[in-house]
Amino acid sequence: MGTVGAAGGRPEGDLGLVQSRAEVNVGPRHCVINAMTVDVEEYFHVSGFADVIRPEDWPNCESRVEANTRKLLDIFSAHEVMATFFVLGWVAERHPRLVQAIRRAGHEVACHGHSHKLVYQSTPQEFRTDVRHAKRLLEDLAGTEVVGYRAPSFSIVRGSLWALDILAEEGFQYDSSIFPIRRNRYGIPDAERFPHQWRSNNGKGLVQFPISTLRVCGVNVPVGGGGYLRLFPYAVTRWSIQHVNKTEGRPAIVYIHPWELDPGQPWVPGRLMNRFRQYVNLHTTETKLHRLLGAFPFGSLQSLLRGLKEEAKP
């Protein structure tokens, strides 16, 4: 699966991350299969609202995740798209049938942790306990192995790369937590932009799937969905994915939250910038998503992982 560091240690470099040169295309080079991913969480789980909605308040908030996620399932079904659903353990405990519905529809069930606590605010043991609990819960509900992980708010940053060791030790095969941009809450701006192999100190490995960016004037610009899908005109998103696919020959990794299809969600009185990020253009998400799914081929991260393994065979 490409060049990795010497056995038992990380390769040289700041991050210990080495790009895999294996092609992740499925079929001809002009037909790159992108990855559609969903972070299954409630609107009140958003880290930007953590200062106004505490975890102990969550059970008293109106739950909207099931209806919004089922809407996504219907949209994906209409476009015959298989996706990866990173399900929060807290949600899975309260909506077990939703996890089963995701799996019955043929999608990949992956792990978003349990408590939505940011990784860099956790100790290594707290993190291990959190992901182990969530992984076992999701596997029991889905009836299948859970091999993928994405941290809440992409919170594996330069100071919390130790989490990748733990993920490998806990049996995960890939991670999609490192966002190669600069943001106040997350990001490693000089991280590798495309899928690559990562090797831990104990020799275990993970495939890293970063959210898609474009390199513009020496800076990585996020174009992989989420708030950026809502903020940018659809034409910008479409052109950006075309560039990643056709010019750079790589798959785009796109993400969305169920609450982003819900312009009627309750108003949370958070800080101005956090409210902007939460509510900007919610009414445009569903239309943009339909157009995106109609314009490009999408699959799950697990399908991209299988493609990497096939390419790595002699």
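The legends below accompany close-up views of a predicted model of one protein chain.

**Figure 1. Overall fold and packing of the predicted protein chain.** The protein chain contains 10 helices and 12 strands, and 57% of its 314 residues count as buried.

**Figure 2. The largest pocket and the residues nearest its centre.** The largest pocket holds about 530 Å³ of space and has a lining of 31 residues, with Arg183, Tyr186, Gly227, Tyr255 and Arg277 lying nearest the centre. Two or more lining residues come from each of the helices α6 (227-231) and α8 (272-279).

**Figure 3. Contribution of α8 and the residue classes in the lining of the largest pocket.** With 5 residues, α8 gives the most to this lining. Sorted by class, the lining of the largest pocket comprises 13 nonpolar, 10 polar and 8 charged residues.

**Figure 4. The second largest pocket and its lining.** About 360 Å³ of space lies within the second largest pocket, which is lined by 19 residues, and Ser47, Ala50, His116, Leu118 and Gln121 are the closest of these to its centre. The lining of the second largest pocket is made up of 8 nonpolar, 7 polar and 4 charged residues.

Definitions and conventions: Residues are numbered from 1 along each chain as its sequence is written. This is a predicted model: local features need pLDDT of at least 70, side-chain atom pairs count only at pLDDT 80 or more; totals for chains, interfaces and linings use all residues. Side-chain values use heavy atoms; hydrogens and water are left out. Helices (H or I, at least four residues) and strands (E, at least two) are DSSP runs, numbered from the N terminus. Buried means under 20% relative accessible area, exposed over 50%, partly exposed in between (1.4 Å probe, protein chains only). On a 1 Å grid over the protein atoms alone, a cavity is a set of points where a 1.4 Å probe fits but cannot get out, and a pocket is an open set with protein on both sides within 12 Å along at least five of seven lines; lining residues have an atom within 4 Å of a point. Grid points are joined across faces, edges and corners, and a volume is the space filled by probe spheres set on the points. Ala, Val, Leu, Ile, Met, Phe, Trp, Tyr, Cys and Pro count as nonpolar, Asp, Glu, Lys and Arg as charged, and the others, Gly among them, as polar.
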